[in-house]
Amino acid sequence: MQTTFKSSKWLPYLLLSPSVIIVFIFFIIPSAESLFYSFFRLNITGTRKIFVGFGNFIRLFQDPEYIESLFRSFMFTVIVVVVGLSVSLGIAMIANNKMKFFNVYRTLLIWPYALSPAITGMIWALMFNPTIGVISNILHNLFGVSFNFINNSSHAMIFIIVAAVWKMLGYNIIFFLSGLQGVPAELIEAAIIDGANPWKRFRHIILPLISPTTFFLLVMNTLYAFFQQFGLLHVVTEGGPGRATDLLVYKLYRDGFISMNTGYASAQSIILLIIVAAITLFQFKSAKKSVFYGT
Amino acid sequence: MELKIMNNRKLLKNISSHLIMLIVLLVVLFPMIYAIVVSTQTNSEYYKFPPNMRPGTGAVENYIDAWQKGDLGRLLFNSTFISLFVALGKIILSILAGFTFVYFKSKGKIFFFIMILITQMLPLPVRIVPTYMLMSQFGWVNTYWALTIPFFASATGTLLFRQLYMMIPTSFADAAKVDGVNSLQFLWYIVIPLSKTNIAALFLIEFIFIWNQYLWPLIVGNSREVRVVQIGLKQLIDTDAAVSWNVLMSGTVLAMIPPLIILVIFQSSLIKGLALGQDK
């Protein structure tokens with residue numbers, strides 16, 4: 001507990017007020033309004049309002065476009081998180097050695113973190129351009145694959161998954177590396193003497209010891225995959241071809257700001273809120289239960 | 001003899017680790033290198049088949065072309081100004097809040113604390129339509145206000161400074177009180193100088209976070225005066241069919257530079273800062 005200062009009554013409130021006012025006006029009120037509008041059919045200027053009860057939600061879950069987008073977003077998120085974390089853990093395990101230049105590697109690996117998803121999209125779209133892209137040409141010459149994310153739905157999905165995984169790769173590797181550096185070498189040596197094979201050492205010693213890192217990355221990557229893809233999608237695929245890469249946030253944007261279905265878009269916001277709340281709850285619960293934080 | 005084998009093995013492991021790291025680095029950095037290479041090629045160098053990775057001779061024209069057609073001076077100024085302004089705003093507001101939560105007893109403290117934390121659960125897509133409507137009521141659409149003020153509060157920052165201030169030895173505040181230093185003087189002369197690393201970390205995260213925003217500027221920042229660089233480049237793709245890939249890549253390279261500079265400058269606080277996570 002810190003020693004507190006005596007002050008006039010209003011000083012603490014004065015110091016808190018900028019944050020509190022911003023939070024109230026731009027977070028609390030609009031979120032409440034999202035909930036409110038989700039029960040109405042209205043236009044974006046708010047001049048015409050018709051109460052429809054749960055009509056928007058019923059419509060949402062009868063809308064195959066929305067159901068598909070929901071399913072697609074979950075699939076995308078799971079793949080991005082699982083692939084991203086496994087690949088980077090694998091790389092980190094191999095690289096985890098008392099290395100010279102470790103700091104140089106670490107510094108360079110983090111660079112894509114500073115790159116915006118939209119800029120990433122522009123560069124990747126060129127690399128994979130079906131006719132003049134350098135990577136699509138390599139794919140064609142080495143494997144005979146004509147990779148075309150512009151016309152082919154599954155190629156488009158693979159494309160955004162790979163681009164999304166790539167953007168977080170360096171970030172994830174760095175965190176796994178620093179987690180692995182905290183695993184005491186004596187522990188591994190003792191396990192080797194006791195005859196534990198590499199898989200057992202990984203499964204029963206390393207994995208539990210790095211669980212705080214894994215858990216942190218799990219949450220970060222999930223939120224990233226769910227909420228940070230708009231720029232990439234808008235620049236590269238615009239949800240297409242067809243609706244092949246129409247993820248939830250993109251669908252929300254289309255309904256809210258292209259078709260101007262304000263109430264319908266608000267209902268989608270509320271579904272997103274429930275998803276974030278679920279992720280947060282999971283974060284709190286499993287942080288207590290299964291994560292080993294050391295002694 | 002055995003020692004030698006051990007050493008050899010160690011050496012082999014070392015070499016293979018470095019090799020793997022170099023391959024990983026190539027994969028991670030390749031898109032950036034590619035963008036730079038293409039941005040130097042002239043049209044005829046670029047459209048040669050098969051695609052090549054040779055640096056070309058058109059760099060100067062491409063960058064001038066991108067700068068003029070894409071209005072990049074204005075775009076980069078807007079992005080930089082907005083990111084700086086928001087990062088500074090967030091730092092000031094969260095220092096004030098963190099300091100208050102630790103160094104004052106006041107009614108309703110917990111309530112306000114929870115209120116600020118809850119913003120973590122309310123990313124933009126959750127409240128985007130009403131926030132947009134609010135902006136048009138305020139007359140803020142297509143102004144810097146809409147792109148900056150709504151982002152000033154920071155749960156990440158408030159938590160970060162609160163945590164730091166709880167770890168400052170209590171003797172500091174005790175001594176200050178004995179010497180008759182008031183709370184604001186204590187904040188200014190003692191607490192803020194102790195916060196340097198955290199300020200750097202928060203600055204790094206928030207600058208990059210705001211720079212990389214896309215959805216919000218797309219909706220509320222669509223005039224030349226306030227447009228940010230990603231949106232400007234996307235428009236260049238959409239509207240100007242004459243813009244070729246190499247010119248566009250010059251634009252992306254220019255758009256990469258400012259956040260990279262910030263990243264390089266504040267590297268020392270990097271891991272600490274990143275561990276705090278991404279804001280929303």
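**View 1. Gly144(A) follows helix H6(A) and has a positive phi, near 70 degrees.** This is a predicted model, in which local features need pLDDT of at least 70, side-chain atom pairs count only at pLDDT 80 or more, totals for chains, interfaces and linings use all residues, and side-chain values use heavy atoms, with hydrogens and water left out. Residues are numbered from 1 along each chain as its sequence is written, while chains are lettered from A and ligands numbered from 1 in the order in which they are written. Helices (H or I, at least four residues) and strands (E, at least two) are DSSP runs, numbered from the N terminus. H6(A) covers residues 134-143, and its buried residues are Val134(A), Ser136(A) and Asn137(A). They sit on the same side of H6(A), because their arc around the axis is only 165 degrees. The arc is that of the directions from the helix axis to the C-beta atoms. Leu142(A) and Phe143(A) are exposed, on the face of H6(A) turned away from the buried side. Buried means under 20% relative accessible area, exposed means over 50%, and partly exposed lies in between (1.4 Å probe, protein chains only).

**View 2. Helix H5 of chain A is mostly covered.** H5(A) runs over residues 117-127. How many of its residues are buried? The count is 11 of 11. Among them are Pro117(A), Gly121(A), Trp124(A) and Met127(A). Ile119(A), Met122(A), Ile123(A) and Leu126(A) are buried as well.

**View 3. Ser269(A) touches residues of chain A and of chain B.** Ser269(A) belongs to helix H13 of chain A, residues 262-289. Is Ser269(A) buried or exposed? Ser269(A) is buried, at a relative accessible area of 0%. In chain A it touches Ser34(A) and Leu252(A). In chain B it touches Pro125(B), Val126(B) and Arg127(B). Residues up to four places away in sequence are not counted here. Contact means heavy atoms within 4.5 Å.

**View 4. Met260(A) and Asn142(B) are loop residues with a positive phi.** Most residues other than glycine have a negative phi. Met260(A) is not a glycine, yet its phi is about 60 degrees. It lies in the loop between helix H12 (248-258) and H13 of chain A. Met260(A) is partly exposed, at 41% relative accessibility. Asn142(B) is also a residue other than glycine, with phi near 60 degrees.

**View 5. Gly70(B) sits in the loop between helix H3 (59-69) and helix H4 (72-103) of chain B.** Gly70(B) is buried, at 10% relative accessibility. It is in contact with Asp65(B), Leu75(B) and Leu236(B), leaving aside neighbours within four places in sequence. Lys234(B) is 164 residues away from Gly70(B) in sequence. In space, the C-alpha atoms of Gly70(B) and Lys234(B) are 9.8 Å apart.

**View 6. Leu12(B) lies in helix H1 of chain B, residues 2-39.** Leu12(B) is exposed, with a relative accessible area of 61%. Ile33(B) is 21 residues from Leu12(B) in sequence. From C-alpha to C-alpha, the two are 29 Å apart in space.

**View 7. The two chains, for orientation.** Chain A has 13 helices and two strands. Chain B has 15 helices and zero strands. Its radius of gyration is 25 Å, well over the 19 Å of the globule rule for 280 residues, so chain B is more spread out than a compact globule. The radius is taken over C-alpha atoms, and the rule is 2.2 Å times the number of residues to the power 0.38. The C-alpha trace of chain B spans about 80 × 75 × 35 Å along its principal axes. For chain A the spans are about 75 × 70 × 30 Å. Buried residues make up 55% of the 295 residues in chain A. In chain B, 55% of the 280 residues are buried. Of the contacts in chain B with a separation of 6 or more, 76% are between residues 24 or more positions apart.
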